[in-house]
Amino acid sequence: MTLRTLITFAAALALTASAALAATHGGDIVYEKPVKGVVFSHKIHVEEKGLSCDMCHNRLFEMGKVAQDKADFVMESLYQGKYCGACHNGTLAFASNSRCATCHIGVKGQKRLSNGDKQEKKGH
Amino acid sequence: MDLDNRPNEGIENVPMQQRRDFLKMGLAITGIFAGGSLLSVASTFNRAHASDFAKKYPFKPHYSMVMRQDRCIDCERCMEACVKTNHVPNVHGAYRTTILEKETPDAIGGKREFIPVLCNQCNLPQCVRVCPTKATYKDKSNGIVMMDIKKCIGCLTCQEGCPYNARYFNEEKKAVDKCNFCIDTRLAHGEKQTACAFACPADVRVFGDLSNQEDRVFKLVHQIEKQVWVLRPEAGTRPNVFYTKG
């Protein structure tokens, strides 16, 4: 086995591993209700910030269920410490009533995500 | 050295780079003295403050909008409401209002801003000045920049003149179309808000009468605690759409 094939093999393995990891961590969740284009990234919270699964599941978010189906999944609930607001209270993490466009990536951000982060075609 | 009695040598020969460097510091070079070794500068900070643009309100009501920019989340309900209310065709580039996105990757904290834009209903509208057929005009009572589609010949000179990209050619109307603060579709029917302001879930778009001291837009524009600005003040068109944060 040449060195090159070995490297390729290792790279491929790493790719599969990271893909599997992302999948086990739930990937990106994009909420469309009550407003469009709100992202929750498992990657940022689990891999970058080092949170463990049981910090949110199933106390704040039931695994396998979609939070946006609940009627109280609104900003007001977050301000009262529910859902994301349990940490995003200004002490543990930035407050829910600040940095709006960090999670609210909007319709534009949602389109970018579904295009696989491909660069949008620039118009004139 | 008595600066007051020195002749101003004129700023024509100040290199462009130097002017830019000063502008970046929030200063504009206003004079040059003593063979170029002394510069007089003035602060450009707050030059775009709303009160400069809003000293006189020639219209009654003087329709205006204030964007509380940091609250915009690009849910695009405003755009959907506008399209539905004003029958904007579903064609690329056709809009009366849209949302711009600005990313600042190096910023601490929030890195993304959404900036809603629409016709600024300028007090000195370039589009009106350049229209060869007077198809676009400033309404004498409420200051809205209107379109008389029968007169429009589709030359698109107004598009060139507009600093805000607020006009598009409507193939169905065979005329240029633009935001008119929903004057025909909502205000004329007794509604108090434009479709976009009414649809906004985040209270970004505050619509009202700038000539009424009790109105929310008047109060938002006439305070000094939070900065208020307009887009592209250098165009000198005196917009009636203001922006603020916080």
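Q: What makes the pattern of chain A α-β-β-α-α-α-α?
A: In this predicted model, the pattern comes from reading the elements along the sequence.

Q: How do you know which element of chain A has the lowest mean pLDDT?
A: Helix α1 (residues 3-24) of chain A has the lowest, 53. Helix α3 (residues 75-79) of chain A has the highest, 96. pLDDT is the predictor's confidence on a scale from 0 to 100. Chain A as a whole averages 82, and 74% of its residues score at least 70.

Q: What scores does chain B get, and what does the model get?
A: Chain B averages a pLDDT of 88, with 82% of the residues at 70 or above. The model has an ipTM of 0.76 and a pTM of 0.77.

Q: Why is B:Val91 called exposed?
A: B:Val91 has 12 C-beta neighbours inside 10 Å. A residue is exposed if that number is 12 or fewer. So B:Val91 counts as exposed. B:Val91 sits in the loop between α3 (77-86) and β4 of chain B. Its C-alpha atom is 38 Å from that of B:Asn212, a residue 121 places away along the chain.

Q: What share of each chain counts as buried?
A: Being buried takes 20 or more other C-beta atoms within 10 Å. In chain A, 15% of the 124 residues count as buried. In chain B, 33% of the 246 residues do.

Q: Which residues have the most contacts inside the largest nonpolar core?
A: That core has 54 residues. Those with the most contacts inside it include B:Val66, B:Cys196, B:Val206 and B:Phe242. Setting aside residues up to four places away in sequence, B:Val206 touches B:Met65, B:Val66, B:Arg68, B:Ala197, B:Arg216, B:Val217 and B:Leu220.

Q: What makes β4 and β5 of chain B a pair?
A: Two strands pair if at least two bridges join them. Strand β4 (residues 97-103) of chain B and β5(B) have seven bridges, in the antiparallel sense. So they count as paired. One residue of the pairing, B:Leu100, stands opposite B:Ile115 in β5(B).

Q: Which residues of β5(B) lie on its covered face, and which on its uncovered one?
A: B:Arg112, B:Phe114, B:Pro116 and B:Leu118 make the covered face. B:Glu113, B:Ile115 and B:Val117 make the uncovered one. In a regular strand, side chains alternate between the two faces of the sheet.

Q: How many residues of chain B are in contact with chain A?
A: 13 residues of chain B are in contact with 12 residues of chain A. Strand β5 (residues 112-118) of chain B gives the largest share of its side, three residues. That side of chain B divides into four nonpolar, two polar and seven charged residues.

Q: Why do β10 and β11 of chain B count as edge strands?
A: Four strands form an open sheet of mixed pairing, in the order β10-β3-β12-β11 (chain B). β10 (205-209) and β11 (228-229) each have a single partner strand, so one side of each has no neighbour in the sheet.

Q: How do you know that β11(B) and β12(B) pair?
A: At least two bridges are needed. β11(B) and strand β12 (residues 241-244) of chain B have two, in the antiparallel sense. B:Trp229 has B:Tyr243 of β12(B) as its bridge partner.

Technical notes:
Residues numbered from 1 in each chain as written. Chains lettered and ligands numbered in written order. Predicted model: local features only at pLDDT ≥ 70, side-chain atom pairs only at ≥ 80, totals over all residues. Core = buried A, V, L, I, M, F, W, Y, C linked by C-beta atoms within 7 Å. Contact = placed C-beta atoms within 7 Å. Nonpolar A, V, L, I, M, F, W, Y, C, P; charged D, E, K, R; others polar.
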